[in-house]
Amino acid sequence: MLAFAAVVALEAGVVRGQTAPPNFAGAWVFDPDATRVNADAAKMNGLALFTEKFTTEMTAAAFTMHVDLGPMVVHATYKLDGSVSKNMSPPSMPGQPEIEVTSNATWEGNTLVVTSVSASRSEEH
């Protein structure tokens, strides 16, 4: 069994008098230089988890990502109340089943932290 855990953090600038959490809806582009600097400081690997671009939607209840992987678009929705969210990830190899990903999204100040865990069985050849 393979296990994978990821933490994705999106942070907004602090706005004086802001009472509602920031809204991260829109188009996002992976910045390898900024990611590398932050990952090195955190002693983590700063690779792009998805692709270089993805879009998001956000409501008071949920944060949704739409990741274009070329032949398919992966949609993942994270509940913003801290409860468990379950999404399906494409298989690592053609012909394999999708992989269930269990996540929790929480706010730490103006930072949305999504912690995800997945497990898949791989056959040894």
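Predicted model: local features only at pLDDT ≥ 70, side-chain atom pairs only at ≥ 80, totals over all residues.
**Exercise 1. Determine how many aromatic pairs the structure holds, and describe how the rings of Phe24 and Trp28 are arranged.**

*Solution.* 
Step 1. Three aromatic pairs are found when the whole structure is searched.
Step 2. The description of a pair of aromatic rings uses the distance of the centres and the angle of the planes.
Step 3. For Phe24 and Trp28, the ring centres are 6.1 Å apart and the planes stand at 50 degrees. Planes under 30 degrees apart would count as stacked and planes over 60 as edge-to-face; the pair is therefore tilted.
Step 4. Phe24 and Trp28 also belong to one aromatic cluster together with Trp107.

**Exercise 2. Describe the surroundings of Ser85 and state whether Ser85 is buried or exposed.**

*Solution.* 
Step 1. Ser85 lies in strand β6, which spans residues 84-89.
Step 2. With a relative accessible area of 3%, Ser85 is buried, because the cut-off for buried is under 20%.
Step 3. Neighbours within four places in sequence are set aside; Ser85 is then in contact with Thr77, Tyr78, Lys79, Val101, Thr102 and Ser103.

**Exercise 3. Summarise the chain as a whole.**

*Solution.* 
Step 1. The chain contains one helix and eight strands, and along the sequence their order is β-β-α-β-β-β-β-β-β.
Step 2. Of the 125 residues in the chain, 27% are buried.
Step 3. The accessible surface amounts to about 8,900 Å², and carbon and sulfur atoms contribute 57% of this surface.
Step 4. Among contacts with a separation of 6 or more, 39% join residues 24 or more positions apart.

**Exercise 4. Identify where in the chain confidence is lowest and where it is highest.**

*Solution.* 
Step 1. The average pLDDT of the chain is 77, and 69% of the residues score at least 70.
Step 2. Strand β1 (residues 2-11) has the lowest confidence, with a mean of 47, while β6 has the highest, at 94.
Step 3. The pLDDT is below 50 over residues 1-7, a stretch that has 21 contacts in the model beyond near neighbours in sequence.

Key:
Residues numbered from 1 in each chain as written. Heavy atoms only, no water. Helix = DSSP H or I, 4+ residues; strand = E, 2+ residues; numbered from the N terminus. Buried < 20%, exposed > 50% of the residue type's maximum accessible area, 1.4 Å probe, protein only. Contact = heavy atoms within 4.5 Å. Areas by Shrake-Rupley, 256 points an atom, 1.4 Å probe, with all protein chains shown as cover. Phe/Tyr/Trp six-rings, centres within 6.5 Å; stacked < 30°, edge-to-face > 60°. pLDDT = per-residue confidence, 0-100.
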